[in-house]
Amino acid sequence: MAPPAGKRVKGVQVFRPFVYGTTARPFDEKTNPKPPGAPDDHTHSWTVFVKGIDDVDITYWLRRVQFKLHESIPNHVRMMEGEKGKPFSINETGWGEFEITIKLYYAAESGEKPQTLYHHLRLHPYGRTEEEKETMRLNGGEVISWTYEEQIFNEPYEAFYDILVSGAPLTPAAQAAANKSGGKGGKGGSKGKEKEQTGGRSEGGVLERSAMIPMVNRPGQPFSRETEQLEAQKLREARAKVDEMAAKVREEMEKKQQRLAELKSENSNTT
Ligand code: SLL
């Protein structure tokens with residue numbers, strides 16, 4: 001593919017948060033009945049997805065996603081075209097866990113080559129401790145394996161840069177100027193074309209086409225500043241603990257060195 005015409009925006013990096021992963025549930029007559037036609041040996045329903053944070057649209061930078069599933073699954077390579085505001089996702093049923101290959105195809109304007117992610121489909125409760133596993137079991141057996149990720153666009157082409165940042169709200173002066181010129185065009189790229197100005201917000205307050213994440217968690221939306229702060233707090237506590245342990249080891253070492261010096265001097269006194 002020929003690179004897009006135009007210059008790159010030098011010294012600029014734009015990043016966009018997104019989430020990918022799987023959600024699985026065991027079949028249960030009442031809460032999650034097995035769909036008709038699903039093979040006898042299938043035990044779970046599951047979904048694999050790529051989506052924006054707080055379900056905000058990402059199709060302006062991510063055009064399509066190819067999911068490569070296990071070869072035992074009919075039609076195991078699936079290409080999903082982006083639909084504005086909707087996650088890229090696949091629903092399936094099965095019995096086993098495996099590695100899913102997720103290939104991201106970017107907007108043509110970006111000039112970016114496709115990029116591959118790998119995700120392990122989890123059907124069974126997992127965790128570092130029994131407690132963590134138990135928490136998953138209690139939640140109706142729903143097994144969530146989601147990853148927060150940031151897509152970085154390094155020195156994007158001007159036209160693509162315009163697309164990336166066109167969700168930012170206009171300042172009153174810029175709004176007035178845009179109205180005056182009939183809302184046509186922007187600098188660079190979108191010559192004569194109506195510039196798409198979104199500027200909407202998600203329920204969690206995330207501005208369209210921005211790098212924002214919500215301030216607080218909501219059900220199904222665990223990636224927020226709140227989570228980030230809790231994680232930072234955990235890191236600070238762990239750091240304090242490590243410092244404390246290191247101080248203790250140093251103290252013991254000093255005592256031993258002192259004892260060694262004493263023994264040495266005793267030894268030299270007796271010989
Ligand atoms: C395992 N290595 O042994 C893995 C393989 C394959 C899972 C898991 C669906 C098959 C179908 C399915 O669950 N495949 O659609 O019939 O655990």
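Tutor: Start with Arg209, which sits in the loop between helix H3 (172–180) and helix H4 (225–270). Keep in mind that this is a predicted model. Is Arg209 buried or exposed? Arg209 has a relative accessible area of 7%, so it counts as buried, the limit being under 20%. Now look at where its side chain goes. The side chain of Arg209 reaches the backbone oxygen of Ile163, at 3.2 Å.

That takes us to helix H2 (158–165). Ile163 is one of the buried residues of H2, along with Phe160, Asp162 and Leu164. What do these buried residues pack against? They pack against E1 and E8.

Ile163 also leads us to Glu109. Setting aside residues up to four places away in sequence, Glu109 touches Ile163 and Phe160, and also Pro4, Arg63 and Tyr157. Glu109 lies in the loop between E6 and strand E7 (115–120). Glu109 counts as partly exposed because its relative accessibility is 27%. One of its partners deserves a second look. The side chains of Glu109 and Arg63 are joined by a polar contact of 3.5 Å. Also check Trp61. In sequence, Glu109 and Trp61 are 48 residues apart; in space, their C-alpha atoms are 8.6 Å apart.

Now zoom in on Val50. Leaving aside neighbours within four places in sequence, Val50 is in contact with Phe18, Val19, Tyr20, Ile58, Leu62, Val65, Phe67, Pro87, Phe88, Ile102 and Leu104.

Asp54 is in the loop between strand E2 (44–52) and strand E3 (62–68). Its phi is near 60°, a positive value in a residue other than glycine. Most residues other than glycine have a negative phi. Asp54 has a relative accessible area of 5%, so it is buried. Glu155 sits in the loop between strand E8 (143–154) and H2. Its phi is positive too, near 45°. Glu155 is partly exposed, with a relative accessible area of 22%.

At the other end of E8, go to Glu142. Glu142 is in the loop between helix H1 (130–138) and E8. Its side chain makes a polar contact of 3.4 Å with the side chain of Arg25. Apart from neighbours within four places in sequence, Glu142 is in contact with Thr23, Ala24, Arg25 and Met136.

Next, the ligand. His42, His70, Ser72, Ile73, Pro74, Gly94, Trp95, Gly96 and Glu97 surround it. By class, this shell has three nonpolar, five polar and one charged residue. Which atoms lie by the ligand's oxygens? A polar side-chain atom of His42 lies 3.1 Å from an oxygen atom of the ligand. For Trp95, a backbone N or O atom lies 2.8 Å from a ligand oxygen. For Gly96, a backbone N or O atom lies 3.1 Å from a ligand oxygen. On its own, the ligand has 460 Å² of accessible area, and the protein covers 70% of it.

Finally, step back to the whole chain. It has four helices and eight strands. From the N terminus, their order is β-β-β-β-β-β-β-α-β-α-α-α. The chain has 271 residues, of which 31% are buried. Among contacts between residues at least 6 apart in sequence, 63% join residues at least 24 apart.

Terms used. Residues numbered from 1 in each chain as written. Predicted model: local features only at pLDDT ≥ 70, side-chain atom pairs only at ≥ 80, totals over all residues. Heavy atoms only, no water. Near = heavy atom within 4 Å. Polar contact = N/O pair within 3.5 Å; in protein donor to acceptor, adjacent residues only side chain to side chain. Areas by Shrake-Rupley, 256 points an atom, 1.4 Å probe, with all protein chains shown as cover. Nonpolar A, V, L, I, M, F, W, Y, C, P; charged D, E, K, R; others polar. Helix = DSSP H or I, 4+ residues; strand = E, 2+ residues; numbered from the N terminus. Buried < 20%, exposed > 50% of the residue type's maximum accessible area, 1.4 Å probe, protein only. Contact = heavy atoms within 4.5 Å.
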